Each structure stands twice: as C-alpha cells, then as structure tokens.
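Here are my notes for you to read with the model open beside them. Take the points one by one and find each residue as you go.

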Amino acid sequence: MQNIFINMASQSYENLIKGEPNNAKTMESWDTFLIYYNCPKQSKYQRNILRDMLAAAHCVWEIHRTGGLKECLNFWVFGSNIHRNTELLKSVADEHNAKYYHFIRFFMRLLEYPDCESLCNNTPMKNSRLEDLLSDWFKENICKCRPSEKLKLIHCIFELHDEMVTRDVVSNLKKLELFNTPLNFKDIQALDYCFKDIELEELDLRLCALEDKSVKRLRSVIKNTKNVMLSSNHLTKEAGKLLGEILVEPGCIIERLSLGTNQLGDHGAQELWKAVKHNKTLTGLYVYDNKITDGGTHGMVEHLQENLSLQELHLCGNTFGDDGLINILKLKDTKKKLDVVLQIAENLELFEYVENKIRGLNQTWKSYDQKYLDTLLVAVLKDLEKQDCNKDPQITWERVDNLVQEIKKVQKE
C-alpha cells in the first residue's frame, strides 16, 4: 500500500505544477488506500485539496532525500522569479499564484515525516539540522519582507508547529507590522500561536478588518506589546470592554493604544476610562473618530484624574455637545499635564502626520479600501474646517486651508 501512496504523491505533484486536478484514476487509487486504512469518508474531500496534500508529501520526501529545502521555500512562499536548479522546481510553470495556498501549508506540516513509512505509521522524526535550516531561513526573511509575505511566513511557522523554531525566530522580533492586510480567522490563529508569549515594541494591525472576536483571540499578544495600533478596523463597545480588561491585567505593558476610526461608542469609551484609572503603563490613548458623544464623557474626569501615567488623549472626530465639552474642559483643568486633543490643528505632531499622509495619497490611494478612504477623508475635512479650535501656534490658518484644498482635490480624483 505504501507503493500506491508514493505513486499517488508523485502523480499529484505533477498535476500540481501543471495546475490540473488529480484524474479519475488517481482518485480510485486514493479510495483504495483510504479504505485500507479504514477512513473512506475522507475521499469526499475536494480533488484539489487531495492533490495539494499528496504533492506536498512527495516534495517533502524528495527534499529529505536530495536536499534543496531553502530553494524550495523561496519558490513556494515568495514566487518564481528566482534561479531554479533542483529537479523538483525545474518543470514548474513560471506563474505563481493562489493554487499553491494549500500546498505550502501541507508542506510545512509534513516536513517532520521524511518518508512514506514515517507518515503512514505516524512517527514524526525531529531533525536538529532541519530545525536549524528552517530557523535560519525564517530569520533571514521575516524582517525584510512586505506585510503580505510576512503573513505567509507566519502561517508557515504556525503549520510547522515546532516550538523550538517558533521561539528562535520570533523571540528577536521587536515589531509586527501588517498594516492594510485584511486578516481572517486562520490569520488571527497563526498570529496568536506565534506571538502570544513574546514581548513586542510595536503591533501594527491598522486596516486589517479586525472584529471584536479578533481582539479576544489576540488578548495575550496585545497585552505584551508596548505600542498597540488597532485603528481603522471594525471594533465596537465589546472590544472596548475587552481592551479595558487587558489594560488592568497584571503584567500588561501597553504604553500607547491607538483605536481611532472604529465604533467604540459611548459604552466602549466608558470601559476604557474605568480601566485607565487602574493602569500604570499607558502614556497615550487615541480614540479619535469613534462615534463617542456626550454620554461617552460621563465618568471620564472621575476615572482619568486618578491615573498618573497618561500624557496624551486624542478625541478628534467625535461629536460632543455642551455637556461633553464641559466634561472635557474640566478634565483639562484637572489634569494640566494631560494633552487632550479635540481637533487635528490643536496638535502639531498630529497635524503634520495627517499632512504627510494626504500628500502621499497620490502614490498610495489605490492600495486602500475606497469606502474606508472616502469616509476618513470626510471626517478629516470636517475636523479641519472648524474655525473655533485652540490651534497650535506653529500651525497657520493658511496651512490648514492648504491641507483642506489638497483633501478636496483627492476627493475629486
């Protein structure tokens, strides 16, 4: 039966590199093999999934036999624009696309099975030389690649499920940047596995399509990061409650928490004020554009005046009436060392950040979700057009007007 398996794996690899599903004859062999091992229901899997799994097994066995692991990893993970010498890669077509999505995950999972016998008998074999090769390859690539490629590497580490390799690779990482990379459930699962026990300087998950349940799953990762950036996602009051719980956990090291352009609302904001009262590490809290109204300021003064670490609080883009403004002014008066920013032009650093981002949109606007970008530009424009703010003295009204005109120009385009 092992010979049948070996032949099926070889045929599947040939079909994979041609972009073809396994043919009916191969599937008949697969049915026979599974019935022999008393698991016939598995034959209902999609043909392409079976092809990818068997092809990955063939590729792994050949690598254990002849070498070429790093060259194969470079090709399967990063694409085909490299020199290909190994027998496994010579025949692969030039295109490299999503058809290898499942293959590379099976490939990583099967690496600890050097031959057909070990796989059929479920006897994985640890190989220190293989672990060293993998660690070196991951460390060489994970710091220099683009966010989308970095996510591929994180999935590879997750599928490999080797604690030694995982710890060796991620323990030296100080920043995890996946800005503008939408994340699904499997992505979040892989991130949690790789980084839950690691201290990070920065976690950049802005514009990653995160939901409240994503925050719940990444709880340990968030808690162990100094600069947490979760702006421009789909977070609601539930995320506000979860983040509040994280902020008061023993061992929380968060210093800056960016939550702008979400939907925390009044209840989410109130959960954060309660938590900040007891937190001793947070220096910056950014909850701009979060649908916070007067109700969200209730209890704010009472809780924040007890905190000794907070230095910046950004509230731009929210809608406050007289009651809300009274509470905010009271907070400013009570906490004179706390920089409470209500509008963009009140803070030079924030204004210059927005200014640079707007000017760079000519080159980057196509990479963003257009609905998100349109909504954000409207909010920024509304904020800048207000003439009653306590403007930073280094920002002239002419400069504000120039930025307004630039935004309107981008909106027309």
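Before we start, contact here means heavy atoms within 4.5 Å. Also keep in mind that this is a predicted model.

1. Let's begin with Asn-233. Look for this residue in the loop that runs from strand 3 (225–229) to helix 14 (237–247). Is Asn-233 buried or exposed? Its relative accessibility is 6%, so Asn-233 counts as buried, because buried means under 20% relative accessible area.

2. Now see what surrounds Asn-233. Leaving out residues up to four places away in sequence, Asn-233 touches Leu-205, Arg-206, Leu-207, Cys-208, Ala-209, Leu-210, Thr-261 and Asn-262. Two of these neighbours also come up in polar pairings with the Asn-233 side chain. A polar atom of that side chain lies 3.0 Å from the backbone oxygen of Leu-205. The side chain of Asn-233 also reaches the backbone nitrogen of Leu-210, at 3.0 Å.

3. Stay in that area for a moment, as Arg-206 is one of the residues that Asn-233 touches. Which residue forms a salt bridge with Arg-206? The partner is Asp-204, and the closest N and O atoms are 2.8 Å apart. Both Asp-204 and Arg-206 are buried.

4. Next, compare that with Arg-146 and Glu-149, whose side chains meet in a salt bridge (3.2 Å, N to O). Arg-146 has 53% relative accessibility, so this residue counts as exposed. Glu-149, at 13%, counts as buried.

5. Another salt bridge links Lys-336 with Asp-333, where the closest N and O atoms are 3.1 Å apart. With a relative accessibility of 66%, Lys-336 counts as exposed. There is also a network to look for: salt bridges with shared partners join Glu-352, Glu-355, Arg-359, Arg-399 and Glu-406. How many salt bridges does the structure hold? The count is 19.

6. Finally, go to Phe-5, which sits in helix 1 (residues 2–18). Phe-5 has a relative accessible area of 7%, so this residue is buried. Click on both and check the distance for yourself.

Note on methods. Residues are numbered from 1 along each chain as its sequence is written. This is a predicted model: local features need pLDDT of at least 70, side-chain atom pairs count only at pLDDT 80 or more; totals for chains, interfaces and linings use all residues. Side-chain values use heavy atoms; hydrogens and water are left out. Helices (H or I, at least four residues) and strands (E, at least two) are DSSP runs, numbered from the N terminus. Buried means under 20% relative accessible area, exposed over 50%, partly exposed in between (1.4 Å probe, protein chains only). A polar contact is a pair of N or O atoms within 3.5 Å; within protein, one must be able to donate a hydrogen and the other to accept it, and residues adjacent in sequence count only if both atoms are side-chain atoms. A salt bridge is a side-chain nitrogen of Lys or Arg within 4 Å of a carboxyl oxygen of Asp or Glu.
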